[in-house]
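Thanks for coming. I will go through one model today, element by element, and give each term its cut-off as I reach it.

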Amino acid sequence: MIAELLGAVRRRAQGGDALWRREERTALAFESGRLKSATTTEEAGVNLRVVKDGRVGVAGTTAADTATDGLLDRALASAALGEALNLTFPPPSPLPHVPTFSDGAANASLAALIGVGQELVARLNRDGCQLNVAIEREVSETEIANTAGAAGGYRATGVGVGVDLTRIAGDDVLMVYDQYVGAALPSAADLDALVRSVTTRLELALTVVEPPEGALPVIFTPAGLAAILLPLEQALSGKAVLQGVSPLGGKTGERVFDERFSLTDDPLAAGRAGSRPCDDEAVPSSPLRLVEEGVVRQFVYDLETAARAGTTSTGHGRRGIFGKPGIAYTNLLVGTNGQPATDAWQPGGGLAAGLRNGLIVEDLIGVGQGNVIGGTFSHPVALAYRVERGEITGRVKDAAVAGNVYELLKRIGGFGSDGRWLGTRFAPSLLLEGVSVARR
Amino acid sequence: MKDRLRDALKSSRADYREIRVERTWSSAVAFRGRRLEAATASEDVGGFVRVLHKGCGWGVASFTSLDRLPAMVARAGELSRAVRLDAPIRLAEVFPREADAVLDLDGDVRGVPLAEKKRLLEAYNGAMLAVGDRVVDTQASYRDEVSEVWYANSEGTLIYQLRPEVVLSGTAIARRDGVIEKGLESLGYRKGWNAAQGRETGFRAVAERAVALLDAPGVKGGTYPVVLDPELGGVFIHEAFGHLSEADFVYENPQAREMMTLGRRFGKPVLNVGDNGAVAGLRGTSPFDDEGTPTQDTALIKDGILVGRLHSRETAARLGERPTGNARALSFRHAPIVRMTNTYIAASRGGGTFAELIKDIPLGVYACGAFGGQTLLENFSFTAAYGYMIRDGHVAELVKDVVLAGNLFQTLDRIERVAGDFQWNQMGGGCGKGGQFPLPVTEGAPHVRIEEALVGGDVAA
């Protein structure tokens, strides 16, 4: 399909690249502890980019009945309007090996997937709580090629198991959520960790205590870190640098963060959800140190942003079937090892023991709103625990945390022993000092 | 196509079968600063099948290759049989009907060259940039779509719908030294090319506001009487209350049902809230939902009392209520779930004008527009686009960083006055739930006065 398409591109334009992807998904939904639905999804489509007269155009389709010419016509029409850009496609090159496919996951029967859900329901169901379990298994096939001769293709599997428990007592609503994500089916140990994580979080949350107040030490768990890492993810994008809106722009080589803080993007992590041998623009994958020992090292680029910035792509192009490619991280690691800890289920990873008075933040409301890239945040807590004299004493409601990420990450109070994967991110808990905590 | 659907339905003997097939043409143009980011046209085609065997759960299939339709009906049947259920799924009755619902395309966007669309957006983007040097960056986007949707089920319903949509948005970034502010314009219509014309004024206004915000002080955190403008009032009622009125939140959960018991007082008698999928020309509008149920105006809060909720056929049957036409799917990739359509706070009869609403407020905040909002069930946080102080009954200085946070039940109960100046906010964007985003919805409200709410940009330590 792609070879034929690129043949037509060579005849009618200077160059181009295309991505073809086919996905097959099986999803199970357990609502209130009962399996309610089983879904299968088959989707295939092509995204085509062309360069004509030095201008770039894009088109996509899922319509299998559309002739190749129709797609190419639309891409050329798009290019006729596009601005001039010196886009060069990567040449052929060997791709690294990375495990992205699990036969066990691909071949798992519907009954086996149902079994995983039933086990979780049996272990997690409890009176007064609504339990939902979602199980998803995806098998995908990707082909990418360009007119410079580069080509890549790979198969991948992805398994996601999500558990959420909702407990409503009067007007108090408590939600506890956790997930497993990986290329393979969850092992017995993975399921144990999930059960233990959800039960521990729920039990600690049953008691509601008064929130503390003031400038306090706050532990952000791997889940709670989303609010802290989001500004960095935006600021480390080459696009933000190019547009002059990144607070980290021009700071390559400068120590901006605590010297124990490192951030790595690793597309070659075995069996992780973001892993692949090449990106969606046929650029070979390699791990990238973004922040090393507190020093800003590298920004991420796709082909277009790299061309505009006069640099090379770091292999972070991602494209869907529709629209043009954009920049995306693969697997983001705080620290570098990516080895999950054995006591990852314990909120705060041991950091709470050292606190006289503080907070553990698991989830915040409104992350991503406002001027994120500037680093200033202010969010009500969705799920947080109070720490008093080294002990977790209960759940805190009606409190808000605020601060500036760039200030807070200059001095990190400690790293938890609870490093774990959460989707495509690996992190331990971080203790940040002087976070402003207010009651509402 | 109708015959293909009928034949495919006949191929299965399951107790209930439904099929949806969609074909969508869309185009999109985006500018960043003076640079065109992209101008593209796309075509998306696919189908969806949902099957129910007696004593079993839902078997669902979605696919992009329509040749696979018969195979996917069979596969959905197998999946349904694999899901054993003790408590059977029942569907509330809906009268079967055959209908063609062809909406006015209002200038068919498919007939307009991409270059025209680029020129239109370039003009709107230019209106923002022309405001001056302080406008350092802009983002502008245009998106249009025409969809054909066929729906058929085994009870005899067969519906064809043709619907247009056009969405415009603009963000202006103003900067002076380290201070960065933004202004946001968002327009969305279930209409076509004609509705996208003549919108320069709105784009210019948001850029001017972004520049004005550079000099505005941040609001001083604290508790104030707060007046919401119709845009923020609409976003508030959708986010903070609307989602709780979706019956799939309560139908399997006795505690949630208790919290949302019909007859419970949710506010003062001045508060009236509803959802209406049948209003002409709004983005949440559709003659039928994605289960073939006709849409309607559903009262949710009447004179401060909870009186209704939004249903699919399944949640209605479970709660012994009537379907309301709120089962909606983002596309053929998704099953219909309970969603809002056009959600509103009704104008209060004799509620008066905005000036009357604020005339006895000595010190308060007038919160306008919305940059974003999130609710986690009973807690919410909304970021207003901008605001003004109210001093001695009059609108005073422009302020920024207006964030409203609070508890839903308390805040609804503190709505003490509702003006008579209702308007629908015809915006772009959309609603997200269960992985289905952005679903087109509309919100509407008049000016609303809350006796007391916590306002903070900066949370004081």
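B:I301 stands opposite B:L306 in strand 11 of chain B. Strand 10 of chain B, residues 297-302, pairs with strand 11 in the antiparallel sense over two bridges. Two strands pair if DSSP finds at least two bridges between them. Helices are DSSP runs of H or I with at least four residues, strands are runs of E with at least two, and both are numbered from the N terminus.

Before going on: this is a predicted model, where local features need pLDDT of at least 70, side-chain atom pairs count only at pLDDT 80 or more, and totals for chains, interfaces and linings use all residues. Residues are numbered from 1 along each chain as its sequence is written, and chains are lettered from A and ligands numbered from 1 in the order in which they are written.

Back to the sheet. Its six strands run in the order 11-10-9-14-25-22 in chain B, and it is open, with mixed pairing. Which are the edge strands? They are strand 11 (305-306) and strand 22 (423-425) of chain B, each pairing on one side only. Helix 5 of chain B, residues 230-241, packs on this sheet and touches strand 9 (273-276), strand 14 (342-345), strand 22 and strand 25 (442-445) of chain B. Two residues are in contact if their C-beta atoms, placed from the backbone, lie within 7 Å. The direction of helix 5 makes about 120° with that of strand 25 of chain B.

Chain A has an open sheet of six strands, in the order 11-10-9-14-21-20, also with mixed pairing. In it, strand 9 (263-265) and strand 14 (332-334) of chain A pair in the antiparallel sense over three bridges. A:L333 in strand 14 of chain A is the bridge partner of A:T264.

Next, two helices of chain B. Helix 3 (114-129) and helix 4 of chain B pack at an angle of about 30°, their axes 7 Å apart. Axes are lines fitted to C-alpha atoms, for helices over the stretch in contact, and angles run from 0 to 180 degrees between N-to-C directions. Helix 3 of chain B is therefore roughly parallel to helix 4 of chain B, a term for angles under 35 degrees. From helix 3 of chain B, B:A123, B:Y124, B:A127 and B:M128 meet B:E200, B:F203, B:R204 and B:A207 of helix 4 of chain B. By class, this contact has six nonpolar, no polar and two charged residues. Ala, Val, Leu, Ile, Met, Phe, Trp, Tyr, Cys and Pro count as nonpolar, Asp, Glu, Lys and Arg as charged, and the others, Gly among them, as polar.

Now the domains of chain B. The assignment, automatic or from a database, gives domain 1 (2-215) and domain 2 (222-456). Their C-alpha centres lie 22 Å apart. In the contact, 35 residues of domain 1 of chain B meet 30 residues of domain 2 of chain B. Strand 6 of chain B gives the most to the domain 1 side, with seven residues.

Last, the two chains. How many residues does each chain bring to the contact? Chain A brings 56 and chain B brings 54. Strand 2 of chain A gives the most to the chain A side, with twelve residues. That side divides into 21 nonpolar, 25 polar and ten charged residues. Strand 2 of chain A also pairs with strand 3 (58-63) of chain B, in the parallel sense, over six bridges. There, A:T39 has B:V60 as its bridge partner.

Technical notes: Parallel < 35°, antiparallel > 145°, perpendicular 65-115°, else oblique.
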